[in-house]
Structure formats: structure tokens, C-alpha cells
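Here are a few notes to go with your first look at this one. Have the sequence and the 3D view open while you read.

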Amino acid sequence: MAAALPRLRLARRGGPRHRFRVGGRAAGGTSGAVAMATAGEAAALVLVAALWGSTGPFLRTGAAGLEELRHRSRLRQLLTEICFLGLNYKYMVPFLLNQCGSLLFYLTLASADLSLAVPLCNSLALIFTLVTGRMLGEDIGGKRAVAGMALTLLGVTLCVAGS
């Protein structure tokens with residue numbers, strides 16, 4: 001597993017703000033050109049957004065019934081909730097997929113530009129959440145939600161084009 005992780009190379013640069021090279025890319029500081037994201041990095045970040053966003057509605061439906069569990073002791077309540085969620089495949093499968101998205105995000109951050117990766121993943125995850133929720137029959141908010149998704153896509157496009 002350790003061989004699969006990218007190596008981090010830190011090389012100190014001069015100037016008013018120090019710049020470091022992380023995985024061959026410049027990170028930190030304010031001067032210098034921002035490196036363009038590769039197609040593989042962009043695809044990995046979109047996959048992360050899809051894993052994070054599409055699992056949210058499934059986690060909500062898998063956790064249905066959790067509020068009905070009641071115990072007097074806080075410890076017993078906690079253990080009952082953990083058992084309920086841990087033994088429920090409708091919750092655990094989306095949870096594990098969500099965690100795979102987090103692992104992929106962590107691995108992609110070693111080579112991706114942080115100022116591109118975070119807004120791209122978070123904004124697209126919101127869109128994937130709304131679309132998946134709508135497919136499952138949830139109310140997403142009508143025309144205003146669609147307008148918000150269009151503006152989010154426009155922002156992501158500008159963010160990617162600017163890098």
C-alpha cells in the first residue's frame with residue numbers, strides 16, 4: 001500500500017513568500033503560475049464528488065428509523081444506534097462508498113491543486129446530492145434549485161478554465 005502512495009517532494013523556494021513543491025507541483029505562496037489540472041485529476045475529483053454527493057440521500061434513507069430508538073442510558077442509546085447503523089446494509093453500503101470517495105480525495109490531493117480540488121468537489125457534490133435526491137423522489141426545491149445548479153456548474157466551469 002505504501003508504494004501506491006505518491007511521494008511528497010518538498011523543495012524550498014526563495015522570495016517574499018516561500019513556495020513548496022508537493023508531488024512536483026508548486027503549492028503555497030501567492031506568486032507564480034498555477035499548474036493546470038490533468039484530465040486524470042479532474043476525472044478523479046468528479047468521481048469524488050459523485051461518491052460524496054450521490055451517497056447522501058441513500059444515507060438518509062438507510063438511517064430511517066434511527067430516531068425511534070430510545071433508551072434511558074446515554075451509553076446504551078449510543079451502542080444501540082451504532083448497532084442499528086452498523087448492521088443495516090442500506091446504510092453501510094452508501095457509507096463505505098462515501099468513505100472510498102474520501103480516500104480517493106486524499107490521494108488526489110497529493111497531485112491536484114488545492115484551490116481547484118476543494119471547490120470542484122464540494123460544489124459538484126451538492127449537484128450530485130440534488131440530482132440523486134430527486135431521482136429518489138425527494139423534493140429539491142423546484143426552479144430555484146435548478147437555477148442554483150446551473151450557476152454552480154457555471155462557477156465550476158470558470159474555476160476549471162481559470163486554472
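1. A definition first, as the word keeps coming back: a residue is called buried when its relative accessible area is under 20%, exposed when it is over 50%, and partly exposed in between. Keep in mind too that this is a predicted model.

2. Now the overall layout. The protein chain has five helices and two strands, and along the sequence they come in the pattern β-β-α-α-α-α-α. Of its 163 residues, 28% are buried. Among contacts with a separation of 6 or more, 58% link residues 24 or more positions apart. The chain exposes about 11,000 Å², with carbon and sulfur atoms supplying 66% of that.

3. After α4 comes Gly137, with a positive phi near 95°.

4. Which residues of α4 are buried? They are Leu116, Ala117, Leu120, Cys121, Ser123, Leu124, Ala125, Ile127, Thr132 and Gly133. An α-helix has 3.6 residues a turn, so residues three or four places apart point the same way. As for partners, the buried residues of α4 pack against α1 (39–62), α3 (89–109) and α5 (143–162).

5. Cys121 counts as buried because its relative accessibility is 0%, under the 20% cut-off. If you were looking for disulfides, the structure holds zero.

6. Next, have a look at Asn88, in the loop between α2 (74–86) and α3. Is Asn88 buried or exposed? With a relative accessible area of 16%, Asn88 is buried. What does its side chain reach at 2.7 Å? The side chain of Asn88 reaches the backbone oxygen of Gly62 at that distance, 2.7 Å.

7. The C-alpha atoms of Leu85 and Gly62 are separated by 8.0 Å, while the two residues are 23 residues apart along the chain. Leu85 has a relative accessible area of 17%, so Leu85 is buried as well. Setting aside neighbours within four places in sequence, Leu85 is in contact with Ala63, Leu66, Tyr91 and Met92.

Notes. Residues are numbered from 1 along each chain as its sequence is written. This is a predicted model: local features need pLDDT of at least 70, side-chain atom pairs count only at pLDDT 80 or more; totals for chains, interfaces and linings use all residues. Side-chain values use heavy atoms; hydrogens and water are left out. A disulfide is a pair of cysteine sulfur atoms within 2.5 Å. Buried means under 20% relative accessible area, exposed over 50%, partly exposed in between (1.4 Å probe, protein chains only). Helices (H or I, at least four residues) and strands (E, at least two) are DSSP runs, numbered from the N terminus. Contact means heavy atoms within 4.5 Å. A polar contact is a pair of N or O atoms within 3.5 Å; within protein, one must be able to donate a hydrogen and the other to accept it, and residues adjacent in sequence count only if both atoms are side-chain atoms. Accessible areas come from the Shrake-Rupley method with a 1.4 Å probe; for residues, only the protein chains shown count as cover.
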